[in-house]
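This report covers the packing of a protein chain, then one of its sheets and one of its helices. The structure comes first.

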Amino acid sequence: MTQSQPDVASLENLVQCPKCSQARYFKAWEDLLQLPYKILNIKHNESGNLTTKIKKRCQNLPELDDLRTNSNIRKTDKESTYRLNRFVEAKLSDGDIKGAARILFSNDTIAPNNETTLRALEEKHPHSDAALGSSLVCLEESLVAAPKSVFTSVMSFRSGSAGGLDGLTPQHLKDLLGGSTGTAGETLLKDITDLINLMLSGAVNNDVVPTLYGANLCALNKKDGGIRPIAVGTTYRRLAAKICCREIADLSSSYFATRQLGFGVKGGCEAAVHSLRTFASRDCCQALLKVDVKNAFNSVNRATLLAQVRDKSPRIFNFIHQCYCDKSILMYQNHKVFSETGCQQGDPLGPAIFSLAIHPIIEKLNSKFNVWYLDDGTLGGDIDTLKKDIQYLIYEFDKIGLELNYSKCEIYFSDKVPNIHNIISDFQSLGLNFKIVDKNSLSLLGCPVFEESFSTFVSNKIQNFQSKIENLKSISLHSAYYIIRYCIFTPNFIYILRCCPIWQNQNILKTLDNVIRYSLSSIFNIPFDDRTWTQASLPIRYGGLGIRKISAVSLPAFLSSVYSTKDLIGEILNPSLGDFEVLYLTEARNAWSVVCPYQNLPINLKSQKLWDGPLCSLVHKNLLDTCAHETERARLLAVSRWESGLWLQALPSANLGTFLDDNAFRISACIRLGAACVVPHRCQCGDKVERLGHHGLSCSRSAGRISRHATLNDIIRRALVTAGVPAVLEPNGLCRDDGRRPDGMSLVPWKMGRPLVWDASCVDTLAASHLPATSMSAGTAADSGWQRAYLSL
């Protein structure tokens, strides 16, 4: 539907169908849940227009038995014949950049569809004899969603999100509720709101609950062995859960406070790492213990979950109670796996209600450092307190169905602690056979804690970067650029830069920058000398490609992270440390002041962009001041205008007409950066073409001049037509004072009863006649062209 959306009239039946779901009888729910499969399950090899086929099904719903007989589900072996770049570019066209990167780089493998995998999935979802149906009575008051809240929640789904058992994806609802559907979309929004409120009240037909609150299940192989279950719930259930998440979010600041950072806490991971590094530097830290809970989300007792929800967030209890009072269906291939304990797979509320379940236990721990990110806990302080806390955890967790995974729990001892071997023996005598780690291997939430571990961590990252280069070469340059800019190299490293003081280690930064530089040169086939690489690594607004050097981002990232989480860090550490400053903050602030000696600190200390801006300005100014000739200066000034970088921000979509082929992208990037794009040769006009390729921009025999002009005018015309203003190109019978026709005119009055007339000019900023002006100020070539054409008007 995203590629060919039916018109509103033909979708009338589809838009109105959710109304019947307000009834509690089974048939209405059956029709609702089968509707996507009956309408959207189009045969991929069937000829004809997609819109026409969907319209036909909307008017005459086929029987489900007919669809089963003529099933068109694509088999895995047939999907394997499709080229990788087609999948990647399709994801990019939908705006799902992260999804495209996952397809391109993922090393995950699907577990084989056999009895062993099925048994492993069943072990991940243990059986329970507890019956919760009547253990807790529903409440009279329940959460009521408004249409605006439902619409916001629908639009918050990530692009490319999959559908559940009924096949309805969030993108279907996005398309149906978009502005182009008019009153039908408004009616559908009201109907969906009524449906969601019915679910929130806990009044869904009980026979439908196992399916409506079930999920599609697949199994991935873990790198270290075992199975990782991935479940996708139905869109309606996830939508209701999103609305509940907004209701329960306030608990993150009031109830969870500084203990649980895994739900609704902005910057929780970063605050945890900064806090632990600062705490570990103090004498009060004798040891640190990282707690890992075995299969936590699937094992926690549901009675505990429901009791906590009823007590802490009663307005969502009726919905949660109906979701969890009975087992739900997880469909793995043609097998049913029942979810009977723990948080249901595919439930957006899972992290919130799990946090509620364990919070009464973790808030009673006495360790000076006590921070949890969902089921990953970190305790720190004196060794005796740690022993008591871990024993308390084991005892209390067992009451709610949880068990520590001793093989994955880690303990670190400070260098100042004497007789470490005796202490380890004491832990082992209690049956606590934890893994011992040191400064070279201690990490928290995927981030190294101590400087000693930075080199090893970065080496692994470099290997990861290098393994992705060949994958990027297999797709188009435009697609590769978009994925690089948003998903790998610096974006992939930004969390580490924000959490760690890597800015202090110039050798590591230089190594990382060189890896990115040579990777880009290999992928884009562009020679990056020092100057072009410096420009390329600037943000687009400064004339670069927006692919940043890690060395340039490391200091602003660290400073903005510390300042944005400083209050939270203070709440975590103040009871234990009193007054303190986050470790390395003073050094980072001084380092920034040394680079920008005449610059005040940013007004908003939490903004990475404001910390980064002055550094980028200095680099850009240095490039301008060291230009070798007027042409280079004119180019730098021109590419620094905001309009000149818009093409780099356009989604690479062939459907939208914004996709550049490899040659066009490479030449455009070379011209922007002043990099060599051609071998010097003689043009057919007789002039010499230098390696920078500027001659083609103004050559009278250049094939690109006419096409650029025509394309520019066509874009203007189509934009007007899309806005409801019909227009034509080169209108007959209309001439300027110089006898030339304008490039286009609207066919309806634009203002004061007169039509809009436009003319487009493609000037060459780097032409010799313009250089005296364009090397001083950007845009003067275009301004002079406009004045010549319209000064007489």
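Leaving aside neighbours within four places in sequence, Leu 472 is in contact with Leu 104, Phe 105, Ala 480, Ile 483, Ile 484, Ile 488 and Ile 523; contact means heavy atoms within 4.5 Å. The model is predicted, so local features need pLDDT of at least 70 and side-chain atom pairs count only at pLDDT 80 or more, while totals for chains, interfaces and linings use all residues. Residues are numbered from 1 along each chain as its sequence is written, and side-chain values use heavy atoms, with hydrogens and water left out.

Leu 472 is among the residues with the most contacts inside the largest nonpolar core, together with Tyr 481, Ile 483, Ile 484, Phe 493, Leu 520 and Phe 524. That core has 93 residues, and its largest share, 13 residues, comes from helix H27 (residues 550-577). Another core, of 83 residues, lies apart from it and includes Phe 263, Ala 352, Leu 365 and Trp 372. A nonpolar core is a set of buried Ala, Val, Leu, Ile, Met, Phe, Trp, Tyr and Cys residues joined through side-chain atoms within 4.5 Å. Buried means under 20% relative accessible area, with a 1.4 Å probe and protein chains only. Helices (H or I, at least four residues) and strands (E, at least two) are DSSP runs, numbered from the N terminus.

An open sheet of 5 strands has mixed pairing and the order E6-E7-E3-E8-E9. Strands E6 (369-373) and E9 (435-437) are its edges, each pairing on one side only. Two strands pair if DSSP finds at least two bridges between them. From one strand to the next, the twist averages 20 degrees. Helix H15 (residues 268-280) packs on the sheet and touches E3, E6 and strand E7 (376-381). The direction of H15 makes about 155 degrees with that of E6; axes are lines fitted to C-alpha atoms, for helices over the stretch in contact, and angles run from 0 to 180 degrees between N-to-C directions.

Strand E3 (residues 287-291) pairs with two strands, as listed here.

| Pair | Sense | Bridges |
|---|---|---|
| E3 and E8 | antiparallel | 4 bridges |
| E3 and E7 | antiparallel | 5 bridges |

Leu 289 has Ile 411 as its bridge partner in E8 and Leu 379 in E7. In E8, Ala 287 is partnered by Phe 413. Ala 287, Leu 289 and Val 291 point one way from E3, Leu 288 and Lys 290 the other way, and all are buried.

Helix H10 (residues 170-177) is largely enclosed by the rest of the structure, because 7 of its 8 residues are buried. Among them are His 172, Lys 174 and Asp 175.

Conventions: Buried means under 20% relative accessible area, exposed over 50%, partly exposed in between (1.4 Å probe, protein chains only).
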